[in-house]
Amino acid sequence: MASGDDLDSNIEDRAAAAWAAVRDGLRRDIGARSFDQWLGRTRYDGFCKVDRTVALALPSAFMANWVQKNFADRLNLAWRMTMPEVASVRILADDGDVVQSYAVLASEGEKSTPVESVFQFDPRLTFETFLVGDSNRIAHNAARAIAEGGPMRFNPLFVHGPTGQGKTHLLHATGHGYMARKPRARALAMSAERFMVDFVHAMRTKDTLAFKARLRSVDLLMIDDLQFIAGKETTQEEFLYTIDELMRGGRRLVISADRSPHELDGIEGRILSRLTQGLVVDIQPADYGLRRAIVEAKANAMPQKIPPLVRDLLASRIASNIRELEGGLNRLVAYAALNDRTIDEAFAEDTLADMFRAGRRRVTIDEIQRRVSEHFKIRQAEMVSARRARVVARPRQIAMYLSKQLTPRSLPEIGRRFGGRDHTTVIHAVKQIEKLRAADTEIDADVRLLLRSLEG
């Protein structure tokens, strides 16, 4: 049987061999399209025995930064699940510049093991870079109150909302803000999935005392995506003991999930009781104004020029969540750089066609008629009337044009919904508005505004 030293001497070979399993697992986890687009060109670049760090490289600093931001936590977890000896993952650009490292954090005097690994606060995810709108204002203000470190008005803070709306950003920002005011304090952020993996690892290695001590000694604990421990009874029991201990000691807690506490099926009742005794706030999907502000901020930091019309297009057509919006912008810039293309509307439509289709919500002809009537300040009944005055006819033509663009209805059906008009009338209206959009900037602006309103 091989000795411990023999096994350790082979660790570099085992790490190189494990990369294939890590890739396969990630491909299944995030989907083939996302994997091929962003992780498919990731190259295994070696293993350092000194700090037990895996190095992964990507072709450019831009791609390395994007992978670090969006997949580093998944990469770190995937490696530790496949090969527990790996303590951290280092993501590099091909020029050798380190983009970001995931380091093992250990208390003084404790041995360094994978179970002590946590993710550090992302330097880009601060309150300064968190754009505030009506959909997230309360959650933002509550997180700032936690970060200020003054007398606690509520504990814990529970933030819920659909995926990709900024919950993780708020957790990182809270950690940054808290440590800036209390540099000697201990703040820890981790996903609920990592909490579970670390706890299971601690039980298997009979190291639960160190696990408990580390978590229960922090001044601020933040757990992201609580829904991932639904149905995991042993993990939930340990989680309950942890939050009880922290709350008794007056420590701060911030928890996030994709649903409100009462909608978290599979989470033990005693945990839900603790979560609801503090402040529960939600983050709603971002409206068009906030999405446009986010695109503006991100686009201004990009190396390529992104025209205002393309920024409008992104904000109006990708409405599902902020993460996808940022992902669409990153894809646009990356594809333009890789293909040496200028970014314009046609390039954006082609590059992001799948995202635009997925983000398009169902719009009805009745809704189009109502929005157009409100915009041009006419009665909705005029949409089906026989009046031919331009003040009525032009809005009616725009409504027909939008019905053709935004609904799956046939031309004859559209005509019937506009007072029983013939399909040739609809064809004429569509061609007329297309011609006017090219020649009349005011008409074009009206149509763009209505498109954003209806699609957002």
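Axes here are lines fitted to C-alpha atoms, for helices over the stretch in contact, and angles run from 0 to 180 degrees between N-to-C directions. Helices (H or I, at least four residues) and strands (E, at least two) are DSSP runs numbered from the N terminus.

The model is predicted: local features need pLDDT of at least 70, side-chain atom pairs count only at pLDDT 80 or more, and totals for chains, interfaces and linings use all residues. Residues are numbered from 1 along each chain as its sequence is written, and side-chain values use heavy atoms, with hydrogens and water left out.

Select residues 288–300 (helix 11) and 308–317 (helix 12): they pack at about 135 degrees, axes 9 Å apart. The two helices are therefore oblique to each other (under 35 degrees is roughly parallel, over 145 roughly antiparallel, 65 to 115 roughly perpendicular, the rest oblique). Show the contact (heavy atoms within 4.5 Å): Y288, R291, R292, V295, E296, A299 and N300 of helix 11 meet P308, R311, D312, L314, A315 and S316 of helix 12.

Next, select helix 8, residues 208–216, where A210, F211, R214 and L215 are buried (under 20% relative accessible area, 1.4 Å probe, protein chains only). These residues span an arc of only 120 degrees around the axis, which puts them on the same side of helix 8; the arc is that of the directions from the axis to the C-beta atoms. Their cover includes strand 6 (187–191), helix 7 (192–204) and helix 9 (233–248).

Finish in helix 9 with L246, buried at a relative accessible area of 0%. Leaving out residues up to four places away in sequence, L246 touches L215, R216, V218, L221, R251 and L253. L221 lies 25 residues from L246 in sequence and 8.4 Å away, C-alpha to C-alpha.

Key:
Buried means under 20% relative accessible area, exposed over 50%, partly exposed in between (1.4 Å probe, protein chains only).
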